[in-house]
Amino acid sequence: KKSLPLSVFTTTAQSISYSADGNYAWLEKSGEIINLKNEQSIGTTTSKKVNWSTDGKQLCDSSQLISLSDGSQTNLKAVIGDIDESQLTNNQLIYLSKNNLAIFNLDTKSSSIVPTKGTILNYWANDNNLFIVITDKGKTEIKNFDIKNKTFLNSTSLLNSQNFSFYTDNKDMPILIDNEHRIAYLLSTDPKSELIADVIRDVTVMKWLDNNKLAYTTESDVYIYDLSQTKAYFLTRLSQRINSLAWSSNNYLIYATTNEIGTIDMNNEGNNITVLWQGNNLSSLRLDKKSSVLYFSGTIGQQSGLYKLALK
């Protein structure tokens with residue numbers, strides 16, 4: 001559709017995190033939480049890191065649990081005590097406090113400590129699996145903790161690094177990213193399988209197309225990893241570094257570089273590229289459920305912030 005981007009929220013261009021259902025956005029620098037359905041702010045948080053609840057209804061930061069429906073807040077420190085960061089899954093709050101990882105049941109109001117030794121670098125919980133990255137005495141590991149039975153299932157060694165993050169769009173195949181070495185570890189949630197199902201190297205950006213296919217970039221090159229075949233194939237190459245990807249149900253892979261947003265037609269054998277928009281500081285792509293509206297961060301003319309672009 002030939003349309004112009006419309007401003008959703010005016011602020012500096014910055015990284016944006018979106019809820020799993022795509023209905024809410026959190027602006028990393030300004031801390032604003034935006035309801036994308038009515039394009040109104042429902043509040044702010046001063047935390048440097050937040051986590052969306054797995055049901056997409058709440059947002060956790062270091063001190064509060066924020067309801068996305070009305071912006072109401074629960075003071076976690078008043079309920080639990082000191083918290084450095086937290087994550088909510090299945091009505092259980094997984095929280096880190098002074099390098100101690102614990103699980104707080106919101107129904108019973110009781111806490112249980114996860115027995116760990118060393119420095120916790122990152123963690124992520126999905127249903128009954130709690131993945132923990134720990135470094136101890138020069139050795140770095142990822143461990144899978146069974147939340148229900150309170151026992152460790154399996155673990156494996158990693159390269160030593162201080163910068164790990166999780167990519168969790170596909171809850172059945174969470175990905176641990178070693179940002180220092182640009183390695184993506186595909187994690188198995190099946191305790192009977194190896195903890196690391198496969199490894200992809202030199203990764204800069206990723207986006208699941210479905211439960212079996214993962215698009216990823218190595219700077220300006222685009223690849224598709226096929227989980228069913230455990231191998232990747234080259235798709236196309238751009239002239240600039242790609243910083244964000246989105247996937248359209250119409251079989252288009254949408255990309256952003258610093259200066260342009262475009263599409264790669266997956267139906268075309270030549271993978272034709274079409275530029276949708278050019279600007280500055282473009283990043284943080286997100287499509288709505290109907291693949292009809294594209295949200296992004298950037299600068300257009302003299303104005304920066306969160307924008308939306310109608311695609312159809």
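Guide: Buried residues make up 51% of the 312 residues in the chain, where buried means under 20% relative accessible area, exposed over 50% and partly exposed in between (1.4 Å probe, protein chains only). The model is predicted: local features need pLDDT of at least 70, side-chain atom pairs count only at pLDDT 80 or more, and totals for chains, interfaces and linings use all residues. Residues are numbered from 1 along each chain as its sequence is written, and side-chain values use heavy atoms, with hydrogens and water left out.

The part to look at is Ser86, in strand S10 (residues 85–89). Strands here are DSSP runs of E with at least two residues, helices are runs of H or I with at least four, and both are numbered from the N terminus. Ser86 counts as buried because its relative accessible area is 1%. The side chain of Ser86 reaches the backbone oxygen of Asp61 at 3.0 Å. That is a polar contact, a pair of N or O atoms within 3.5 Å; within protein, one must be able to donate a hydrogen and the other to accept it, and residues adjacent in sequence count only if both atoms are side-chain atoms. Asp61 is also among the residues that Ser86 touches, and the others are Asn51, Cys60, Leu76, Leu93, Ile94, Tyr95 and Tyr123, leaving out residues up to four places away in sequence. Contact means heavy atoms within 4.5 Å.

Now the whole chain. Its secondary structure comes to 1 helix and 32 strands. The radius of gyration is 20 Å, which agrees with the value near 20 Å for a compact globule of 312 residues; the radius is taken over C-alpha atoms, and the rule is 2.2 Å times the number of residues to the power 0.38. Along the principal axes, the C-alpha atoms fill a box of roughly 55 × 45 × 30 Å. Of the contacts with a separation of 6 or more, 34% join residues 24 or more positions apart.

Beyond four places in sequence, Ile177 is in contact with Asn163, Phe164, Ser165, Tyr167, Ile183 and Met206. Asn170 sits in the loop between strand S18 (164–167) and S19. Asn170 is buried because its relative accessibility is 4%, and beyond four places in sequence it touches Trp208, Asp210 and Asn211.

The C-alpha atoms of Phe9 and Ser297 are 9.6 Å apart, although 288 residues separate them along the chain. Leaving aside neighbours within four places, the contacts of Phe9 include Leu27, Ile34, Ser304 and Leu306.

Asn281, in strand S30 (residues 280–287), has a positive phi of about 55° although it is not a glycine. Asn281 is partly exposed, since its relative accessible area is 42%. Thr230, in the loop between strand S24 (221–226) and strand S25 (231–237), has a positive phi near 50° and is likewise a residue other than glycine.
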